[in-house]
Amino acid sequence: MTRFATRFGAFEIDSLPGQCQVAVCHSFVVPEDHRGNGHGHHLKAEQEALLDHHHYDFAVCTVAAGNERQKRILEKSGWRHLANFRNRRSCETTELWCRGATPSTTEDSHHE
Ligand SMILES: CC(C)(COP(=O)(O)OP(=O)(O)OC[C@H]1O[C@@H](n2cnc3c(N)ncnc32)[C@H](O)[C@@H]1OP(=O)(O)O)[C@@H](O)C(=O)NCCC(=O)NCCS
């Protein structure tokens, strides 16, 4: 597990069990009294740099469907929405997003 934390925010990264080229990004937070000042974007840039530094090929995270701020941060840093599911713990829709995926071509799938 990699932990990044300053007084303006924090996040954690784990490798997916069984597939260590996939990063699972979670616990991304900016303290309430610092929100709305761009720290979310800066924190995301730190996360991007760490994903590159550790040579991950792919990364995933989840976000509540109604979390427009976090979705804006994800979009701006080039992440892509992958899927939605109905979350029985939060009783909300949860979205799955990814970084690093390229649409697979017929040629790719023949070589896999
Ligand atoms: C989500 C979170 C990290 C955002 O941090 P932040 O420092 O407030 O974010 P920023 O100031 O960098 O702003 C992010 C973007 O959201 C946009 N935004 C703000 N309020 C918004 C709203 N109501 N609807 C849509 N976009 C909004 C901002 O305009 C900004 O985009 P822009 O700079 O391109 O215009 C912070 O709110 C947080 O910690 N929330 C609780 C924990 C959480 O939800 N973590 C994510 C778990 S997946």
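**Exercise 1.** Which residues does Val30 touch, not counting residues up to four places away in sequence?

*Solution.* The structure is a predicted model, in which local features need pLDDT of at least 70 and side-chain atom pairs count only at pLDDT 80 or more, while totals for chains, interfaces and linings use all residues. Residues are numbered from 1 along each chain as its sequence is written. Start by placing Val30, which lies in the loop between strand S3 and helix H1; helices (H or I, at least four residues) and strands (E, at least two) are DSSP runs, numbered from the N terminus. Next, apply the contact criterion, under which the C-beta atoms of two residues, placed from the backbone, lie within 7 Å. With residues up to four places away left out, Val30 touches Phe8, Gly9, Arg35, His39, Gly40 and Leu43.

**Exercise 2.** Decide whether Val30 is buried or exposed.

*Solution.* A residue is buried if 20 or more other C-beta atoms lie within 10 Å of its own, exposed if 12 or fewer, and partly exposed in between. Because Val30 has 22 C-beta neighbours inside 10 Å, Val30 counts as buried. Across the chain, buried residues make up 18% of the 112 residues.

**Exercise 3.** Describe how H1 and H2 pack against each other.

*Solution.* Take the geometry first: H1 (residues 39–53) and H2 (residues 68–76) pack at an angle of about 45 degrees, and their axes are 10 Å apart. Here axes are lines fitted to C-alpha atoms, for helices over the stretch in contact, and angles run from 0 to 180 degrees between N-to-C directions. Angles under 35 degrees count as roughly parallel, over 145 as roughly antiparallel, 65 to 115 as roughly perpendicular and the rest as oblique; H1 and H2 are therefore oblique to each other. Then list the contact, in which Gly40, His41 and Lys44 of H1 meet Arg69, Ile73 and Lys76 of H2. The residues of this contact divide into 1 nonpolar, 2 polar and 3 charged, where Ala, Val, Leu, Ile, Met, Phe, Trp, Tyr, Cys and Pro count as nonpolar, Asp, Glu, Lys and Arg as charged, and the others, Gly among them, as polar.
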